[in-house]
Every structure is written in structure tokens, then in C-alpha cells.
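These are my notebook entries on one structure. I set down what I looked up, in the order in which I looked it up.

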Amino acid sequence: MSPAAPVQTLPPSPHVAINRNWLGFGALTLLLASLAAGWWIWLRPAANGSPVETQKTAFVTAGPLERTIRLNGQTTAGNFYTITAPIKRGPESGGNMVILKMAKGGSLVKRGDIVLAIDGRSMADHVDDVRDQLHQGENDVAKRKAEQAVEMGQLLQTLKIAKSQWDKAKLDAQPAPVRTDIERELMKLAVDEAEARYKQQLKDLEQKKASQAAEIRILEETVARHKIHLMRHEIDLTRFTVRASAPGMIVTQPIYRGGDMAQIDEGDQVYAGMPVLKVVDPASLQVEAQVNQAQSSQLRIGQRVRIGFDAFANLQLTGRVYSIGALAISSTGRSQYFIRTVPVRITFDERDPRVIPDLSAYAEVITDRDENALQVPLSAIGKQDGRPYVWVRNPSGAFEKRFVTLGLESYTRIAVKDGLRAGDEVRVID
């Protein structure tokens, strides 16, 4: 086999290298030209020679303007009554009770409706036992009276025998000429002995009567105790079923279940006297709120209020200030100890079925109102030497300073009494 011939390559052409250098130089030139054009466009002034307008503006409007104070609170009921777990009167009053049935929270009940039922099966079984004890106690009294009658008959018979022996001894001791002094003395001793025996048995009979009466009294007291015991349990059983004493809406109370706070429900264990339900009058719903003591002087009874609810963003009702606390109270929490608030109660002018007690709510109390006020945003007002002014756009498009007279002020807007007209454009200061 012959060896392979070597591969020959041509040297690079000088024209190809020159073309590559020109392409790189052209790309660099194009990049520099693009950067220069962009820089020139970005710094180029506007067509009219003024810089681009970037300031925020607003227009003077005419309409109602209100000054309000916002309060936070929650809905409560003015008229309600609380239903608690029954307090058992029987001697076995300890231990928790289990809720067998209860009315659902938010439901409406009528007078006489069952709102709470406690499981009373174990108590009913205990009542049967107590009733049997009562019958047994009554039978024990009757039996003991019969036994005492037999015992008393035997004692009376023994007493009669002792009386006859005493009479015989007295007859035997009558004087006789044929008897010696010793015989007469022995007969006298026999009479004294029979008399003493009779009197002793007569005294024993009286003590026996007292003993039997005391024994019967003890048994009768036991029967009376069983009767009271039974009566108390029977009353407890009737209290295990609770009925509404007046119509209203059911509001369940909170309870700790498994370490967490929850609403009481069927199957929960409750102790005697524990609040379980509230029956509230829906027509007496109100808002209990607090106002800072620095703002309390602006509130008056009868002021109109707009009421909103955190649970219903689109629901807003009207109401009025019903009462204002006479004394300020300290806020809860160590960090707010020195902050004093005044309690305020607000009533509703209108109703909505979604409004129930214990809803978080806010109230905007209208302290002042201007029906037709020229108004601008608060951020459009500046101050110079204590005098308020605004920047107003003039016909040439520039802004000029204009001093104004201010009026009613809200949280975001303020009325201008003099110096502006509706439709004027003012500059807003950030």
C-alpha cells in the first residue's frame, strides 16, 4: 500500500482579513451613534422651550363637606337576658353537665321555645334510686311501728303481772294472830319488793315509750330527707330544659375548647351558672365605642353618624349619638394606661338583618357640615407667615401664588371661602 499524499492548504487571503476589520469598526461606530442619539433625545427640551410638566394638580370643586370623628367599637344589644347552665339544688350538685340541644346562634326564637336542653339521663336514673329509697324509708317506718306495738304489748303484760304480784303480796301481808313477828316482817319485805318491781317496770314503760317515739322520729326524718332530696332532683330535671322567656335573637357565648376559644355548641360540657346563651332584642342593637378625651368635647347627643362594619364592606347604616360617658376611663394594656377614652353609645336609625351583636364596627360622627363648599385637597394648602395660600394655574399655563381664606376642614379636604372659583386648577404638594 502506498503512503497517503499530504493535504495542502492555501494561505489566507489578505482581502478577507481586511473585510473583517471593517465590519468590526462599522458595528462599533453604529453603537456609538445610537448612544449619542439617545442621550440627545433624553436631554432635548420640549418644543416650546419649557421643561416637561411633572407636577400633580387638582381642580376646585363645589359640594357638601363634612367634618367627622371616627370611632371604633362593636355592636351590642341594649335589651337582652342571659341563659346560664342550671344550678343543681340536690346534694350531688358537683360535676359538669353536657349540652344535649341548644338553639343555633343568630336564629330567632319566640317565647316558650326550647333554647337549651341539658342531658339529664344520669340524673333521671338517680331520681329513680332516690324514689326507691323513699319507699323503703316509708316501709321502715311502718314496720318499726308494728314492731314497737308488739314490744309495747309485751311490756304492758309484764306490768300487769307485776301489779298482780304486788296486790297478792299486800293481801298476804294482812295481819293475822297466828303469825309470828318474823313471818309478818318477811311478808312486809315481800310487799315492798313487789311494789318496787312494779314501779320500776312502770318507769321503764315510760322510757320505752319515749325511746320508741324518738326512733320513729328518726325514721320519719330520714323519709323527709329522702322527700326533699327527690323534690330537689325533680326540680333540677325541669330546669334542664330551658325555654325562652321573651322573643329575640340567639347569641352563643364563647368557651375554651382544646385550648382555643370557640362558640359553645351541642356536646360541650358546662358547669353550673356558666353563661351559655344570650337572647337579645334585635330592635335594641347599638354600637358601643370610645372616643379620645381630647375629642369628646366635639360630640353632642343626637349628632348624625355613619356606621360601617368590618365584616360587610359594602354595608353602611345611619344612626345617632345616644349617650356620652361622663367620666373618662383608662385604656386596656400597660402601654396605653395613660390614654383616656370616653365611652359613647350610638343607636341605629335603620336596620339590616346581617347586623348581629359582637360585630366590630366603626362610626363616623358628623360634627359639622357645609352643604355647598368650594373645596381643595389639604395637600394643596401652603403657609407663609401663618397665611394660607395655594398655587393656581393662570391663563398662560404657569402657577401663581394666591392667598386664600379657609373654612371647614375634613381629614382629606378643606373648604376655601375666598380666593378661588370652582374649576380652578391648583397644584398639589406632595
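What percentage of the contacts in the protein chain with a separation of 6 or more is accounted for by residues 24 or more positions apart? I found that such residues account for 75% of these contacts. I note that I am working from a predicted model.

Entry: the whole chain. I counted 3 helices and 24 strands in the protein chain. The chain has 430 residues, and 30% of them count as buried. I recorded an accessible surface of about 28,100 Å² for the protein chain, with 55% of it belonging to carbon and sulfur atoms.

Entry: I then followed strand 5 to its partner: strand 5 pairs with strand 8 (residues 248–252) over 2 bridges, in the antiparallel sense. At this pairing I located Leu108 opposite Met249 of strand 8.

Entry: strand 6. Is strand 6 largely enclosed or left open by the rest of the structure? I found that 4 of the 5 residues of strand 6 (residues 114–118) are buried, that is, under 20% relative accessible area. Strand 6 is therefore largely enclosed by the rest of the structure. I next looked up its pairings. Strand 4 (residues 97–102) pairs with strand 6 in the antiparallel sense over 3 bridges, and Ile99 stands opposite Ile118 of strand 6. Strand 6 is also joined to strand 7 (residues 241–243) by 3 bridges, and these two strands run antiparallel. In that pairing I placed Ala117 opposite Thr241 of strand 7.

Entry: strand 14. Which strand is joined to strand 14 by a hairpin? I found strand 15, reached from strand 14 through 6 residues. Strand 14 (residues 304–309) and strand 15 (residues 316–324) run antiparallel and are joined by 5 bridges. Gly308 has Gln316 of strand 15 as its bridge partner. I also traced a pairing of strand 14 with strand 18 (residues 360–377), antiparallel and over 5 bridges. There I noted Ala363 of strand 18 as the bridge partner of Ile307.

How values were computed: Residues are numbered from 1 along each chain as its sequence is written. This is a predicted model: local features need pLDDT of at least 70, side-chain atom pairs count only at pLDDT 80 or more; totals for chains, interfaces and linings use all residues. Side-chain values use heavy atoms; hydrogens and water are left out. Two strands pair if DSSP finds at least two bridges between them. Buried means under 20% relative accessible area, exposed over 50%, partly exposed in between (1.4 Å probe, protein chains only). Contact means heavy atoms within 4.5 Å. Accessible areas come from the Shrake-Rupley method with a 1.4 Å probe; for residues, only the protein chains shown count as cover.
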